[in-house]
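Here is a short briefing on charged pairs and nonpolar packing. Keep the sequence and the model open while reading.

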Amino acid sequence: MYGKRLRKFFNSSKADALVIHNGDSHSSTDANYFYYTGLELDNSILIARKGAEPVLLCTPLNYELARQNSDFEVVKFEKGAPESQIKSLLKNYDVIGIHKRAMRISTYEKLRRAGLSFIDVSDELAQVRAVKDEKEIRLLKKIIGATRGLLNSIEMRVGMREIDVLKQLRLKALELNAAPSFPPIVLSGPNSRIPHGVPSKRRIRRNEVVLVDFGLKLNGYCSDLTRCYFTGKCRKEREIYEKLKAVQSKLMKYGKAGLKVSDFVKKSDQLLKKFKLPQMPHSLGPVSYTHLRAHETSLHLVCRLLLEK
């Protein structure tokens, strides 16, 4: 499967080799590394070459794990000489692609010191990943279903603190053998006006809106769902909420394979205007919510709406 994905990339790119660096597991991972290897090894480099077997360069700590779980050739980093290893593997290749948007500057400088030159293939990498195969779609549907079930099961009552709800979300994710795909957001009352705020010790009061933004990461893939909970009648807020649900429903029916994102955004703007709602502060174009990361490429936001049907 992973070799097939690499061939698909090379068929869509002028590069004849590809270097993907997966950095620290907490701060500088590259979703492309997982997509093309099926592994989440920190401080590892994938060297893929057109017409040749891919090579995984990894630390001694990850060597056995890589050998046990990859069909690719696995090579340990030579102490103090990773640049020479990379240069040797790429000596017969002229057009070397890198994911410039994700590669750390320090890694890029090391590769340059090896005397190699590169082209940025960030767009090509995103385009290949944007089209999901049947296995990925099944997995995404499973993760979205699990996330929806989790959000439907949480306790939300007056007097609880935002961080109490946050604790529930984290514990329920662990029970599913999953992890949050991003830091969960729980905001109540006036705090809910700040969509990307940080959960606090504020207690939930009666007749308030509680905003929850949450997703799961399972088997390398992510979900991202937003929910509003009401602790009373909240007539005005519910009226606006129902209008937004109507807009979403119409967009779900409008979205289909082959639709341009620009047309989808235009339709969204028209519907918001029709229902006398303000334009969204968060653009529809830049993110896809169900992918290897919680917020990903600019190409397939429609994916979320189709999967939600």
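Arg-101 has 58% relative accessibility, so this residue counts as exposed, the cut-off being over 50%. The model is predicted. Arg-101 pairs with Asp-123 in a salt bridge, at 2.4 Å from N to O. The count of salt bridges comes to seven.

- Asp-123 counts as partly exposed because its relative accessibility is 42%.

**The Lys-217 and Glu-40 pair**
- A salt bridge joins the side chains of Lys-217 and Glu-40, with 3.1 Å from N to O.
- Lys-217 belongs to strand β10 (residues 216-218), while Glu-40 belongs to the loop between α2 (31-37) and β2 (44-49), so the pair ties together parts that are 177 residues apart in sequence.
- Lys-217 counts as partly exposed because its relative accessibility is 31%.
- Glu-40 counts as exposed because its relative accessibility is 52%, and the cut-off for exposed is over 50%.

**The Arg-5 and Glu-136 pair**
- Arg-5 forms a salt bridge with Glu-136, and their closest N and O atoms are 3.9 Å apart.
- This pair counts because a salt bridge needs the nitrogen and oxygen within 4 Å.
- Are Arg-5 and Glu-136 buried or exposed? Both residues are buried.
- Arg-5 and Glu-136 also belong to one network with Asp-133, joined by salt bridges that share partners.

**Nonpolar cores**
- The largest nonpolar core has 46 residues.
- Which residues touch the most other members of this core? They are Leu-18, Tyr-36 and Val-212.
- Helix α7 gives the most to this core, with five residues.
- A second, separate core has 16 residues, including Val-19, Ile-47, Tyr-93 and Leu-111.

**Contacts of Val-212**
- Leaving out residues up to four places away in sequence, Val-212 touches Leu-151, Met-156, Leu-169, Ile-185, Val-186, Leu-225, Thr-226, Arg-227 and Tyr-229.

How values were computed
Residues are numbered from 1 along each chain as its sequence is written. This is a predicted model: local features need pLDDT of at least 70, side-chain atom pairs count only at pLDDT 80 or more; totals for chains, interfaces and linings use all residues. Side-chain values use heavy atoms; hydrogens and water are left out. Buried means under 20% relative accessible area, exposed over 50%, partly exposed in between (1.4 Å probe, protein chains only). Helices (H or I, at least four residues) and strands (E, at least two) are DSSP runs, numbered from the N terminus. A nonpolar core is a set of buried Ala, Val, Leu, Ile, Met, Phe, Trp, Tyr and Cys residues joined through side-chain atoms within 4.5 Å. Contact means heavy atoms within 4.5 Å.
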